[in-house]
Amino acid sequence: MSRVLFLQCYRRPPGEPVGPRYEASLGVLSAMLKADGHTTRLIPVTHFDAAALGAALKEACPDVVLVHIDGTAVDLARRTLGALAETGPPPIVAAGTFATLMPSTALSMPAVNAVIVGEVEEAFRGWVRSGLSGSASDSRVPGVMLRSEGRPATFRPAPLIDDLDALPPADRSIFGYPPSHPCFDIVTSRGCPMRCAYCTNDALRGLHDDPPGFVRRRSPDHVCDEIDELCMNFPETQRLRFPDHAFALDYAWLESFADVYAHRCGLPFSCHLRANSVDEPTVEALDAAGCDEAEIEIVSGSNFIRNEILEMDTSARQIERAFELLGDRGIRTRSINYVGAPYSSEITESDTVRLNRRLKPDFVQVRVYYPFPNTRAAGIAEEMGWMSNRGEVCFAEDRSVLDMPTLPAKTIARVARRMAQDISEPPRQGWRAALGRLPIFPGWRLSDVLGTWLDPRGGDAVAPRR
Ligand code: SF4
């Protein structure tokens, strides 16, 4: 039996609470490996620290390491693997969205022996069962690409796991939650029917040749079984969050979930909604189930940015209607906005402020746009020559990685810093405010130089309205 170590490489965006970062696939994989008699441990890697990594490895003494690479932590993973390579490490396999979409690059990272392309659970378990050779009974373990072989012509990604109910509940013990942790993420689906250009979903769908069964859902009872187990292990659980973007995109499933959840669980919860799919029956079902907060990606108030560049297929009217319906039911709303998407300008960012003012969300969240690798929006930025060499560290520091003539990185930082306040507070009146708004050179207003005397707003990018 093996000691399996997960290194979870990701960058924490500003505003995200410090604490465990739940990754459902690793939780499920851990449960499967433990059922096979292995032991598992997870170490989060959010910044490079060779000494801490060395000490953790010495203590964990793993037989095999799985490095899970987030699209925002590729350089971080490379440095981490470089440090690992010097310690004479056990076999290392890379997995996660980046490894899936750019397997050859992942395979070329220091000390990586294999890459898992596709959903990790069955492929990694197969790799471990094969004695880490990648072959079992003369057949390849699907989805495992070996460094010794490169990319065979016949290589196929790990098949999509069709029946999510066949998977065990995620093992939460590896994420280091304190016993009194009050709120947990529960993932109910895999895949998404939408095709937003800033998301890796489309590339993942393409990897599997756009199969009809790409979007899969757990049965409501399977979800509630997991919640029962969770509440047993963490009796102080007070609320839940359903972060998957496809959570409310299938009304038949949602209706049945609402019914089962209200009877079996009933904890208040928040969820992610797509504005173009929010209608009265959806909000009614959410309300009946106990939803008290919904987050919606507005992304941009500009129709051009939202629909022509980022292909969200979402009109301003749909967004307004979604906020109205949720407000009517007393469900708190959180609007999520991105500053500095390709082709943005100060005008399009003002559109975002104006749209949010009409929506009156309870919470406003503002982030700087980050071009995730392998997305169409990142492709636009690359094609236009807007990608700087500032790198992925920008994601964690909420700085723009793009250099666009229409909205320089410094202006993006300033707009992002002020947007939540600009939305929450009506425009200031009076001569000092008017003076502060005077443009002094492109992207800069007088108040940016003279500061609080002219305009005291600024600071935190997340502004609760009540
Ligand atoms: S709805 Fe969310 S998960 Fe689906 S494609 Fe758009 S951004 Fe990606």
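Reply: The following account treats the contact between the domains and then turns to other parts of the chain. This is a predicted model, in which local features need pLDDT of at least 70 and side-chain atom pairs count only at pLDDT 80 or more, while totals for chains, interfaces and linings use all residues. Residues are numbered from 1 along each chain as its sequence is written, and side-chain values use heavy atoms, with hydrogens and water left out.

The protein chain is assigned domain 1 (3-146) and domain 2 (181-464); such bounds come from an automatic or database domain assignment. Taken over C-alpha atoms, the centres of domain 1 and domain 2 are 29 Å apart. To their contact, domain 1 gives 20 residues and domain 2 gives 20 residues, contact meaning heavy atoms within 4.5 Å. About 1,700 Å² is buried between domain 1 and domain 2, with 63% of it on carbon and sulfur atoms. Buried area is the accessible area (1.4 Å probe) that two parts lose on being put together, summed over both.

Charged pairs also occur between the domains. Side chains of opposite charge can pair when their charged atoms come close. Between domain 1 and domain 2 there are 4 salt bridges, each a side-chain nitrogen of Lys or Arg within 4 Å of a carboxyl oxygen of Asp or Glu. R216 makes a salt bridge with E119, with 2.9 Å between the closest N and O atoms. On the side of domain 1 that touches domain 2, α1 (24-35), α3 (74-85) and α4 (97-101) supply at least two residues each; helices are DSSP runs (H or I, at least four residues) and strands are runs of E (at least two), numbered from the N terminus. That side of domain 1 comprises 10 nonpolar, 5 polar and 5 charged residues. In this classification, Ala, Val, Leu, Ile, Met, Phe, Trp, Tyr, Cys and Pro count as nonpolar, Asp, Glu, Lys and Arg as charged, and the others, Gly among them, as polar.

The whole structure contains 42 salt bridges. One of them joins R129 to D36, whose closest N and O atoms are 3.3 Å apart. R129 lies in helix α6 (residues 120-129) and D36 in the loop between α1 and β2 (39-45), so this pair ties together parts 93 residues apart in sequence.
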